[in-house]
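Colleague: I should like to learn how to read this model, one feature at a time. May we begin with a single side chain and how it is classified?

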Amino acid sequence: MAPSQAEPTPVETAPATETIAAPLLAWYAQAGRTLPWRDIDDPYRIWVSEIMLQQTRVDTVLNYYDRFLEQFPTLSALAEATEDQVLAAWAGLGFYRRARNLHRAAKTMISEHQGQVPSDPEALQTLPGIGRYTVGAILSSAHNARLPIVDGNVIRVLSRVFHLAGDPSRSAMQKELWRLAEAILPGDRPGDFNQALMDLGATVCHPVNPRCDTCPLQSLCLANKLGDPEDFPHPTRKTKVVFQQRAALYIRDRDGRMLLTRRPDAGLLASMWELPAVDLQDGEDPAAAVTTLLPSAKRARKIEPIGTVEHRFSHRHWTVHVFAAENPVASSPLDNDQRRWVHPDDLHEIGLPTATWKAVRLGLKLLDAEQRPGESPG
DNA sequence: AAGACGGGGGG
DNA sequence: CCCCCAGTCTT
């Protein structure tokens, strides 16, 4: 019913929390996405999906999820795998600590939680890599527990629907978001509701150009009423990017194997394999620095630059000067935990982070170029 | 409270 | 090139 003309224009008021669920669930029933971790009840598989999805888009996860579960079909299988196997399966997904935490948590679930993903929220959140969001996501999805979730999608939807001007990085705003996420959660089907909220954020309530015309919450959304949805949420501050020059060595033995070294077990790309490399000081000559990477102090004949690769992390930008060399040593023994010689055909067993792949590809291209001439067929 | 931690898709 | 994502943990 339209307000009387005589009355003053009412100040827009926030929608009642209980008005959200019905239209959202109705929309979800016909517009929700079909995903491999939907409509399943195996907490293990749901857990794996939620860890992969942390700060990672659905489309990216889809390239890993089935393969990972094929390799580690059960909680026991994951717990019994080696950390290197898990890291190899994770290679390219990023945030590698997720993989190590996943593996560690699996072992703990086997040893201290009767071989199950705990269904108790407090117990679950004790495990490494599982915070409040992931607890809510796993348990609401696997057991229909009435637990809220607040992720990037929910922050966007709620800050718009309720016109919340606060900075989501501040604890006061966080508290308000969790309070609202809990308040709008229906007693019935909280699992579907949480999934619906995220689908809405991902497919309709976009950061820019939100599709308000198709949104099931349009009529009650304050930002839509006031015409400023793109002003929400409060913009996040961006971290400053550090630029780093590096020199890397693609050294090949007589069997065509390349030397790989393992990164430190903490920090960036922890425990992942890469070509031997050094960080360069400002203005340092890469060609000079790279000679320190040779496995033998013997004269290195023929070190040649084969190109440069760029790799951008969220907070760091690498420029890697790649050099190629032949192993001055007759054979290439000495595989151990920190360095190993690997044939190109065996790289899949290790799993390389993307930054390493870019450098390795230069070396492989070199190999191709040497063989392609075909002037010496036999 | 702020920063570390990967990578990729889209404007 | 910039933004930012189905976050968690550390300092």
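Colleague: Is Trp-318 buried or exposed?

Modeller: A residue is called buried under 20% relative accessible area, exposed over 50% and partly exposed in between, with a 1.4 Å probe and protein chains only. Trp-318 has a relative accessible area of 5%, so it is buried. Phe-313, at 13%, also counts as buried. Of the 378 residues of chain A, 47% fall in this class.

Colleague: Which conventions should I keep in mind?

Modeller: This is a predicted model, in which local features need pLDDT of at least 70 and side-chain atom pairs count only at pLDDT 80 or more, while totals for chains, interfaces and linings use all residues. Residues are numbered from 1 along each chain as its sequence is written, chains are lettered from A and ligands numbered from 1 in the order in which they are written, and side-chain values use heavy atoms, leaving out hydrogens and water.

Colleague: How many aromatic pairs does a search of the whole structure find?

Modeller: Rings of Phe, Tyr and Trp (its six-membered ring) pair if their centres lie within 6.5 Å; planes under 30 degrees apart count as stacked, over 60 as edge-to-face and the rest as tilted. The search finds five such pairs. In one of them, Tyr-44 and Trp-47, the ring centres are 6.2 Å apart and the planes stand at 65°, so the pair is edge-to-face. These two residues are three apart in helix H2, and therefore about one helical turn separates them. Tyr-44 is buried, at 3%, and Trp-47 is buried at 1%. Phe-313 and Trp-318 form an edge-to-face pair as well, with 4.9 Å from centre to centre and 80° between the planes. Ring pairs also link Phe-68, Phe-72 and Trp-90 into a cluster.

Colleague: How many helices and strands make up the secondary structure of chain A?

Modeller: Helices (H or I, at least four residues) and strands (E, at least two) are DSSP runs, numbered from the N terminus. Chain A has 16 helices and seven strands.

Colleague: What span should the 14 residues of helix H12 have?

Modeller: The expected span of a helix is 1.5 Å times one less than its number of residues. For H12 (residues 190–203) that gives 20 Å, and the end C-alpha atoms are 20 Å apart, which agrees. Of its 14 residues, 11 are buried, among them Phe-193, Leu-197 and Leu-200. The elements covering those buried residues include helix H1 (21–31), helix H2 (43–53), helix H9 (132–143) and helix H10 (152–161).

Colleague: Which residues does Ser-159 touch?

Modeller: A contact means heavy atoms within 4.5 Å. Ser-159 lies in helix H10 and is buried, with a relative accessible area of 0%. Leaving aside residues up to four places away in sequence, it touches Val-154, Leu-164, Met-173, Phe-232 and Pro-233.

Colleague: Which residues come nearest to DNA strand B?

Modeller: A residue is near a strand if one of its heavy atoms lies within 4 Å of it. There are 21 residues around DNA strand B, and Thr-56, Arg-57, Phe-95, Tyr-96 and Leu-269 come nearest.
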